[in-house]
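This report concerns one protein model and is meant to be read beside its sequence and coordinates.

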Amino acid sequence: MALTAIGLCGRALIKLGATAIASFDDGSAEAEVAGALYGPTRDALLSANAWSFATVQATLPRLADAPVADYACAFQLPADFLRALGAGGDGRGRGLSYRIVGRSLLCDAAAVTLSYVGRPAEEDFPAFFDQALIARLAAEFCIPLTESSTRAELLAQLAESEFRRARQIDAQQDSQPGFEDFTLIDARSGWGS
């Protein structure tokens with residue numbers, strides 16, 4: 001079942017032993033803490049890895065004003081941009097030298113395709129990421145809601161464990177390199193001839 005921002009925060013609050021919220025504006029301490037910490041925590045966790053579900057490629061629109069120095073062209077970053085993975089031209093998402101400055105990408109190419117980590121809708125998060133985010137939110141919510149540093153440390157350890165687990169699962173979403181061009185295999189196949 002896909003979770004919303006409120007659903008993710010609600011599960012994190014329940015993990016703390018607090019009351020789940022119905023909205024970020026319900027007037028409770030839980031809603032105030034969740035509203036303040038949810039967005040930055042979500043974006044930090046998304047940015048921490050090149051998640052397969054959050055990796056996007058886009059052709060960037062060129063800006064009219066050229067950069068002041070170092071590069072010839074400037075391009076507008078996408079609205080959902082969190083972290084660059086690579087930039088390329090001619091149908092490639094990597095290979096160009098570039099620099100991110102503010103909300104612009106600077107480079108010497110006339111056209112750019114950016115590979116980046118974006119901000120997908122919560123409903124598009126896979127279950128393994130939901131669990132990592134819920135654990136991270138519980139750790140972040142702990143001090144403001146419970147004032148227990150011991151409990152916060154335990155939740156931070158759990159969050160780190162869930163993050164590692166989510167990264168391992170996500171890494172399996174890509175094709176794994178094989179031994180197709182391994183010279184020892186080629187040499188061995190000729191032994192029996």
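The sections below take up the basis of the model, a pair of helices, a pair of strands and the aromatic rings.

## Basis of the model

The model is predicted, so that local features need pLDDT of at least 70 and side-chain atom pairs count only at pLDDT 80 or more, while totals for chains, interfaces and linings use all residues. Residues are numbered from 1 along each chain as its sequence is written, and side-chain values use heavy atoms, with hydrogens and water left out.

## Helices α2 and α3

Helices (H or I, at least four residues) and strands (E, at least two) are DSSP runs, numbered from the N terminus. The axes of α2 and helix α3 (residues 127–146) come within 9 Å and cross at roughly 135°, the axes being lines fitted to C-alpha atoms, for helices over the stretch in contact, with angles that run from 0 to 180 degrees between N-to-C directions. The two helices, α2 and α3, are therefore oblique to each other; angles under 35 degrees count as roughly parallel, over 145 as roughly antiparallel, 65 to 115 as roughly perpendicular and the rest as oblique.

Contact means heavy atoms within 4.5 Å, and the residues of α2 that meet α3 include V33, L37, T41 and L45. T41, which is found in helix α2 (residues 29–47), touches L133, R136, L137 and E140, not counting residues up to four places away in sequence. T41 counts as buried at 7% relative accessibility, where buried means under 20% relative accessible area, exposed over 50% and partly exposed in between (1.4 Å probe, protein chains only).

## Strands β3 and β6

Strand β3 (residues 81–88) is mostly covered, with seven of its eight residues buried. Over six bridges, β3 pairs with strand β6 (residues 113–118) in the antiparallel sense, pairing being assigned if DSSP finds at least two bridges between two strands. Within this arrangement, A87 stands opposite L114 in β6.

## Aromatic pairs

A search of the whole structure finds ten aromatic pairs; rings of Phe, Tyr and Trp (its six-membered ring) pair if their centres lie within 6.5 Å, and planes under 30 degrees apart count as stacked, over 60 as edge-to-face and the rest as tilted. W51 and F163 form an edge-to-face pair, at 5.9 Å centre to centre with 80° between the planes. Because W51 lies in the loop between α2 and β1 (55–59) and F163 in helix α4 (residues 149–171), the pair ties together parts that are 112 residues apart in sequence. Both W51 and F163 are buried.

F81 and Y116 form a tilted pair, at 5.9 Å centre to centre with 40° between the planes. This pair links F81 in strand β3 with Y116 in strand β6, 35 residues apart.
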